[in-house]
Amino acid sequence: MKKILLLIQLLFLITIVSYSQTTINNIVYKITSESPAEVEVQDSPNATGNIIIPSLVNINGKSYNVTSIGYRAFWKNYLTSVTIGDNVTTIGNQSFYGNKLKNITIPNSVISIGSDAFYLNELTSVTIGNNVTSIGQSAFSKNKITNLTIGNNVKTIGESAFWENQLTNIEIPNSVTSIGNSAFRTNQLTSVVVPITVNNENVRWSFGQNSNIEV
């Protein structure tokens, strides 16, 4: 009987952890783990303009690390600027899709950037932290990027990741092993040096037709 009661209590606690949500400064957080104490940013339609995603939030007297930004968390929210806290490790698919962001700095805590994460903004400057290992498909497509810094631990750059921007030159770090088709197409590139670490057989498809590709 005691074992059954303990099991019921455990299931009840798991349910609370799985579905508990709290709104702080118009940003919705979902508890994803109690030990370690972690939350994910969820769909937050009322978060607009300039926002700060903190490293920590206090929920019912307990501090939680903000470790991920979930799917469509700020989808078409008319954001104009965002500061991402340095406990975030994952930026989910379409999380900042269709906003008005002008520039973004991805902190070194981030490991992965999801597909379409910053698609269709007004970005001109992007700095990607040194612990990011993967940049998803179309993650920064349809912006106005002229200044791009890619961290030196990025391994994969997805298809169309920086498609339709205003890049004139790029520096691809030696850590990169894969660049997806059309990753840098529809820019203003004139010359690109691709490190020998990249193993794509058709890497030229990753860049514009007018680019001078040097491997």
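The paragraphs below lead from the confidence of the model to one of its sheets and then to a single tyrosine.

This is a predicted model, in which local features need pLDDT of at least 70 and side-chain atom pairs count only at pLDDT 80 or more, whereas totals for chains, interfaces and linings use all residues. Residues are numbered from 1 along each chain as its sequence is written, and side-chain values use heavy atoms, with hydrogens and water left out. The protein chain has a mean pLDDT (the predictor's confidence in each residue, from 0 to 100) of 91, and 89% of its residues reach 70 or more. Over residues 5–18, however, pLDDT stays under 50, and for this stretch the model has six contacts beyond four places in sequence, a contact being heavy atoms within 4.5 Å. Where pLDDT is low, the predicted coordinates should not be read in detail.

Three strands form an open sheet with the order 9-11-13 and parallel pairing; strands here are DSSP runs (E, at least two residues), numbered from the N terminus, and two of them pair if DSSP finds at least two bridges between them. The edges are strand 9 (103–106) and strand 13 (147–149), each of which pairs on one side only. On average, and with direction ignored, neighbouring strands of this sheet are turned by 5 degrees against each other, the axes being lines fitted to C-alpha atoms and the angles running from 0 to 180 degrees between N-to-C directions.

Strand 11 (residues 125–128) runs parallel to strand 9 and is joined to it by four bridges. In this pairing I104 stands opposite V126, and I106 stands opposite I128. With strand 13, strand 11 pairs in the parallel sense over three bridges, and there V126 stands opposite L148.

Elsewhere in the chain, Y29 has its place in strand 2 (residues 27–34). Y29 counts as buried because its relative accessibility is 2%. Leaving aside neighbours within four places in sequence, its contacts include S20, Q21, V39, V41, P54 and V66. Y29 and S68, which are 39 residues apart in sequence, are 9.8 Å apart in space, C-alpha to C-alpha.

Technical notes. Buried < 20%, exposed > 50% of the residue type's maximum accessible area, 1.4 Å probe, protein only.
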